[in-house]
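Load the model in a viewer and keep the selection panel open. The stops below are given in the order in which to select them.

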Amino acid sequence: MRPIDLASRSGVALRRAFQAQQLRRVTGSRQYSNVTSLPPTYEKLHNKYSEVRRVLGAQRLTLAEKILYSHLDNVEESLLNNTNNGRDIRGKANLKLKPDRVNMQDASAQMALLQFMSCNLPQTAIPASIHCDHLIVGSKGADDDLQAGIQTNHEVFDFLESAAKKYGLDFWAPGAGIIHQTVLENYAIPGLMMLGTDSHSPNAGGMSTITIGVGGADAVEALVGAPWELKAPKVLGVSLTGKLSNWASPKDLILHLAGLLTVRGGTGYIVEYSGPGVETLSCTGMATICNMGAEIGATTSIFPYTEASARYLQSTRREQAAKNAATFQNFPGAGASEDAYFKFKADEGAQYDELIEIDLSKLEPHINGPHTPDLSTPLSQFKATVQEQKWPEKLSAGLIGSCTNSSYEDMTRVESIVRAAEEAGLKPKADFYVTPGSEQIRATLERDGTLQSFEKAGGIVLSNACGPCIGQWKRQDGVEKGTVNAILTSYNRNFRGRNDGNLDTMNFLASPEIVTAMAYAGSTTFNPVTDSLTTPDGKEFKFPAPHGLEGPKTPFDIGKDVFKVASQLPNPNEQIAIAPTSERLALLEPFEPFPESDLSGLKVLVKVSGKCTTDTISAAGPWLKYKGHLPNISANTLNTAVNAETNEVNVAYDLDGSKHTIPELAKLWKERNQPWLVVAEHNYGEGSAREHAALQPRYLGARIIVCKSFARIHETNLKKQGVVPLTFVNEQDYDKVAAGDEVATVGLYEMLQNGGQGEVQLKVTKKGTGEELLIPVKHQVSKDQAGFILAGSALNLLSKGASL
Ligand code: SF4
């Protein structure tokens with residue numbers, strides 16, 4: 001079904017040729033013609049890579065660097081500026097990159113496309129796809145849920161489909177699958193660079209791609225053919241030895257790593273895996289590990305291309321892609337050294353900024369949570385921890401699958417223990433849900449009898465969509481909001497309220513095998529490695545260690561026709577479907593530009609304490625339906641943030657002392673033309689790539705966020721929307737600023753005019769006393785980002801460029 005090489009797809013080659021022509025027109029990019037025996041994707045990569053080698057000489061490069069630098073718009077300019085002549089690139093160079101494609105999920109695609117529409121271009125400069133996955137509520141089972149989801153969201157799906165037709169994008173209808181699984185199965189080939197409007201896009205790093213999660217504004221830059229900027233990441237190496245055994249799975253590797261590194265440990269890094277242990281992992285296992293690299297804040301994660309990667313390409317009917325990858329790796333470049341060949345692995349002797357060594361043979365299963373993915377407990381200590389922490393011992397539900405863990409290997413390993421339990425006459429005591437990641441995996445598991453095993457055990461198979469992973473879970477077990485209870489999932493993220501909107505649900509992450517075995521016990525203190533269950537006839541039953549198949553014996557089944565991708569040439573006559581009365585979709589009004597002076601008269605709307613994730617700033621769940629309607633979704637802004645001064649959730653006080661919810665007060669201040677700022681603690685905006693977390697505050701009147709530290713994607717998103725992200729030079733200054741204080745900037749306008757060069761301070765006038773403080777702050781504003789902020793937003797600048 002789906003293609004191997006981007007340019008070789010039926011009906012798509014013409015479009016690509018047209019797009020390439022368009023790309024040249026839009027960007028004036030240089031063309032190469034000296035290599036003719038490689039497929040176009042690799043011809044381009046080969047030529048850029050030759051430039052990288054010319055510029056950097058014999059410098060040893062990691063795999064991530066090879067791919068990333070071979071996607072630079074101007075290799076010399078990016079690698080030699082501010083880098084000690086190319087010797088000090090990481091953390092210093094501003095990389096201006098030209099990604100190969102963009103993948104968008106339905107919730108974030110709405111805003112990305114609304115922004116793209118403002119640029120008035122007839123089509124996108126590079127291939128892109130839309131995946132309808134986030135808006136389907138998981139409840140009773142696939143068929144009912146999908147039908148209900150389509151009915152509720154038809155307006156949004158119609159809009160996305162019409163935009164896909166107009167601009168020539170691939171459209172994956174509701175039920176076709178979750179973005180990352182679909183991308184891995186269809187678009188990921190080694191050496192590509194992709195952007196995805198979702199924080200778990202690095203999943204495709206399991207197929208040796210550089211895939212980075214971004215906001216819609218970044219996606220629009222790539223879609224219009226402008227270079228996309230990234231501070232050159234550092235590279236954190238993870239060297240693997242040994243082989244996983246018994247109950248340990250790839251998921252446990254990343255759960256363990258999250259515990260080691262914490263949710264901030266990967267910030268500013270690409271995580272690159274190497275070592276002999278890599279060869280023992282399946283391609284989908286590597287994807288799981290890359291997927292959850294988002295939980296440690298990594299820019300992205302990547303694995304070398306292995307025999308397992310080639311097998312995965314073959315089983316997903318992309319034999320030609322496997323052949324192309326082999327041809328490319330043996331294709332000689334200029335020069336006689338080994339460096340002339342592009343190998344999908346790090347150069348011998350490549351240096352990592354940090355190196356972690358993990359022996360897979362010694363890895364035991366882990367369970368992470370609740371409420372944060374880095375609270376990691378080895379399974380052998382979990383019972384004691386549950387009892388010590390007084391976490392619930394009853395397990396109310398076990399949920400497996402999602403974009404993270406629904407591979408053939410995962411599911412057949414689970415099937416092996418489900419069958420053993422079935423033979424012993426056991427059924428899961430907790431509710432048991434299965435989410436296939438795509439129609440292809442669902443149909444294959446059905447063909448091979450695996451889904452039937454789950455259903456026989458009482459498992460509920462949900463639609464091929466995100467569902468409970470993103471708060472789209474209508475629980476059927478009567479657990480009401482406010483009820484403390486425990487669930488286990490094989491998903492990737494577990495912030496409070498993430499799955500069912502209940503802040504008191506304790507959500508733990510584990511491998512699908514561990515989730516399933518514990519669902520049979522209905523208990524959080526059960527250890528399937530050591531403990532036994534009692535069968536209905538009173539016998540002791542101990543689960544066998546799980547075993548499964550890396551992939552199906554015959555290639556994957558493509559599934560139902562209705563879920564196949566719609567690929568199309570752009571149709572300028574297609575009308576974009578947005579009703580003027582819509583409550584779900586609204587055209588965007590441009591934000592006003594930065595004033596021609598420093599900012600003054602800002603007030604602190606709220607001082608937030610503790611974790612402030614993008615879920616906190618713009619909650620998902622029921623709010624997902626307003627993703628395409630900025631005024632409507634803004635009513636959730638910071639609605640789970642904790643007020644540092646009163647410890648209340650979603651409470652802010654107006655200057656006269658009156659009490660409001662945070663979004664209500666923000667709206668009041670917007671109406672009064674009172675610009676504002678938020679003060680916060682560490683890792684502000686961690687979690688998903690959700691650009692609404694930047695757009696909404698901007699829409700409501702935020703000009704600055706000042707905090708102790710930022711999560712990378714969110715910090716970038718803020719700048720793209722014209723909000724200035726600043727961090728305290730002295731963290732203790734957080735204590736000196738309070739809600740209602742007046743703030744003016746000193747040096748900010750000059751810094752922006754100087755392309756991000758210069759120091760900034762905040763002049764704070766205390767509410768009540770009038771005392772004045774000067775607080776030094778730091779920024780990470782690049783030249784381009786200074787331009788975005790001055791223009792009011794990146795889109796203001798891009799749409800100007802596009803209309804020239
Ligand atoms: Fe969907 Fe969850 Fe995967 Fe995000 S992490 S794409 S919400 S399944």
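**Stop 1: the nonpolar cores**

Select Tyr69: leaving out residues up to four places away in sequence, Tyr69 touches Val52, Leu56, Leu61, Val75, Leu79, Ile89, Arg90 and Leu95, where contact means heavy atoms within 4.5 Å. Tyr69 is listed with Leu79, Met104, Leu240, Tyr273 and Phe543 as the residues with the most contacts inside the largest nonpolar core, which has 178 residues. Apart from this core lies another of 27 residues, including Val724, Val737, Leu773 and Val781. A nonpolar core here is a set of buried Ala, Val, Leu, Ile, Met, Phe, Trp, Tyr and Cys residues joined through side-chain atoms within 4.5 Å. Buried means under 20% relative accessible area, exposed over 50%, and partly exposed in between, with a 1.4 Å probe and protein chains only.

The model is predicted, so local features need pLDDT of at least 70 and side-chain atom pairs count only at pLDDT 80 or more, while totals for chains, interfaces and linings use all residues. Residues are numbered from 1 along each chain as its sequence is written, and side-chain values use heavy atoms, with hydrogens and water left out.

**Stop 2: the ligand**

Next, select the ligand and the residues around it. Which residues surround the ligand? They are His134, Ile178, His180, Asp198, His200, Ser402, Cys403, Cys466, Cys469, Ile470, Asn492 and Arg498, each with a heavy atom within 4 Å of it. This shell divides into 5 nonpolar, 5 polar and 2 charged residues; Ala, Val, Leu, Ile, Met, Phe, Trp, Tyr, Cys and Pro count as nonpolar, Asp, Glu, Lys and Arg as charged, and the others, Gly among them, as polar.

**Stop 3: helix H17 and the residues on either side**

Select residues 512–521, helix H17; 10 of its 10 residues are buried, so the helix is largely enclosed by the rest of the structure. Helices (H or I, at least four residues) and strands (E, at least two) are DSSP runs, numbered from the N terminus. H17 is followed by Gly522, whose phi is positive, near 65°.

Go back to Ala510, in the loop between strand E18 (505–509) and H17. Ala510 is buried, at 0% relative accessibility. Beyond its neighbours within four places in sequence, Ala510 is in contact with Lys251, Leu255, His366, Ile367, Leu488, Thr489, Ser490 and Val515.

**Stop 4: backbone exceptions**

Most residues other than glycine have a negative phi, and most peptide bonds are trans. Select Gly369 and Pro370: the peptide bond from Gly369 to Pro370 is cis, with omega near 5°. Pro370 is in the loop between strand E12 (366–368) and strand E13 (376–378).

Arg317, not a glycine, has a positive phi of about 60°; look for Arg317 in the loop between helix H11 (307–315) and helix H12 (319–329). Asn650 also has a positive phi, of about 55°, and is buried with a relative accessible area of 16%.

**Stop 5**

Is Lys243 buried or exposed? Its relative accessible area is 52%, so Lys243 is exposed. Lys243 lies in the loop between strand E8 (234–241) and helix H9 (250–261), and its contacts beyond four places in sequence are Thr280, Leu360 and Ser361.

Finish at Gln696 in helix H21 (residues 692–700), buried at 0% relative accessibility. Outside four places in sequence, Gln696 touches Ile617, Ser618, Leu630, Ile633, Ser634, Asn636 and Thr637.
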